[in-house]
Amino acid sequence: MSESTILLVEVGALLLGLGLLSRFADRIGVSPIPFYLVAGLAFGDGGILPLSGGTEFFEIGSEIGVILLLLMLGLEYTASELVTSLTKSRTAGLVDALFNALPGALFALVLGWGPVAAVALAGITWISSSGVIAKVLRDLKRLGNRETPTILSILVLEDLAMAFYLPVLSALVLGAGIAAGATALVVAVLVVLVILYVALRHGRLISAIFAPNHPESLLLGVLGLTMLVAGLAQQVNVSAAVGAFLVGIALSGRVAHNAQPLLSPLRDLFAAVFFVFFGLATNPADILEVLLPASILAVITMVTKTFTGYRAAASAGLGIPARWRTGLTLTPRGEFSIVIAGLAVGAGVEPRLAPLATAYVLITVVCGPLLARLPEAGWFRNALRRQTARAGTAPVPPIS
């Protein structure tokens with residue numbers, strides 16, 4: 001077969017398989033992310049049937065996937081929402097960063113991977129998966145719960161922090177040094193502040209260049225602007241992902257609202273490609289070597305994330321059951337962890353970081369939704385009732 005034929009057959013067969021895996025994941029009520037990663041492991045180097053012609057497609061598609069993930073994330077927030085979350089939940093955000101980034105950094109240093117890998121692993125263990133958590137909240141019908149605004153505030157702060165974290169990590173993994181990292185941070189802060197100011201004061205002017213009721217032109221225009229800004233951001237080492245995120249924030253009103261359903265199918269397609277490519281680039285045999293450290297790190301950081309979520313809910317005045325639901329719901333890590341690991345490994349920081357991140361995400365994405373369901377279990381509710389009685393707060397409703 002010709003090279004183009006092999007490409008079409010491999011890509012078509014793998015995308016068909018991903019579609020079936022996604023359907024299966026939806027049937028059993030879990031995120032498809034672990035299935036995509038496993039599919040990549042199965043067809044990458046060291047897998048059961050390595051691809052011969054489709055790797056380049058998945059590599060380019062993975063870059064588009066990161067950009068679309070961050071664009072859609074930005075479209076979900078307005079500049080005013082970011083400012084409000086930053087004002088109301090800054091203490092919870094700082095505690096979240098301290099207790100969840102520090103274990104990753106210390107773990108890398110203990111393993112002897114060096115300071116740059118420590119910065120990367122800190123980000124991997126810090127940021128929760130917005131996509132997985134949103135799905136968990138929908139599946140458990142908790143979108144209207146009292147703790148949901150607290151959960152969303154923490155996620156917003158983490159997402160906003162990535163706008164500052166990714167440029168610094170980019171400078172460090174490229175070997176630019178501390179001075180360049182500090183410069184990248186200053187540039188990132190200035191860019192984010194300018195974008196937030198423009199979005200707050202002149203967001204309508206930016207959105208006015210698009211026709212919200214013309215799907216074709218809206219899709220092409222928003223996608224084109226995002227790619228353009230992402231490329232310019234990457235050129236000045238601010239990170240293409242951050243550029244895409246800021247474009248999403250800058251767009252507002254009907255443009256942002258109407259663009260989301262148009263871009264969602266593209267996001268889902270290329271996000272799947274992104275996770276598959278990360279699996280393709282990881283040798284399954286390498287995962288076995290880091291499975292124990294990844295498991296230990298996952299247990300530690302699921303505990304610390306539960307603690308920080310519990311504390312944030314307590315600070316918001318929520319009862320004990322809501323505090324546990326908040327903490328346990330925040331435990332999954334996903335897309336950002338893979339983005340960070342891919343950035344670091346692509347620059348040759350530490351080859352074992354990729355398999356460790358893969359195993360770590362697999363563990364937390366599988367365990368996280370199960371932990372989020374714990375407050376619904378009878379034995380857990382009974383334990384909460386006893387804890388509530390000792391604390392003298394409102395009682396936990398009996399099991400129906």
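Q: Is valine 11 buried or exposed?
A: Valine 11 counts as buried because its relative accessible area is 9%, where buried means under 20% and exposed over 50%, with partly exposed in between (1.4 Å probe, protein chains only). This is a predicted model, in which local features need pLDDT of at least 70, side-chain atom pairs count only at pLDDT 80 or more, and totals for chains, interfaces and linings use all residues. Residues are numbered from 1 along each chain as its sequence is written, and side-chain values use heavy atoms, with hydrogens and water left out.

Q: Which helix is valine 11 found in, and what is it in contact with?
A: Valine 11 belongs to helix 1, residues 3-28 (helices are DSSP runs of H or I with at least four residues, numbered from the N terminus). Apart from neighbours within four places in sequence, valine 11 is in contact with Gly54, Phe57 and Phe58, contact being heavy atoms within 4.5 Å.

Q: What separates the C-alpha atoms of valine 11 and glycine 54?
A: Those C-alpha atoms are 5.8 Å apart, although valine 11 and glycine 54 lie 43 residues apart along the chain.

Q: Switching topic, where is threonine 364, and is it buried or exposed?
A: Threonine 364 sits in helix 16, residues 353-372, and is buried, since its relative accessible area is 0%. With neighbours within four places in sequence set aside, its contacts are Ala298, Met302, Thr331, Pro332, Arg333 and Pro369.

Q: And glutamate 63, buried or exposed?
A: Glutamate 63, which is in helix 3, counts as exposed because its relative accessibility is 52%.

How values were computed
Helix = DSSP H or I, 4+ residues; strand = E, 2+ residues; numbered from the N terminus.
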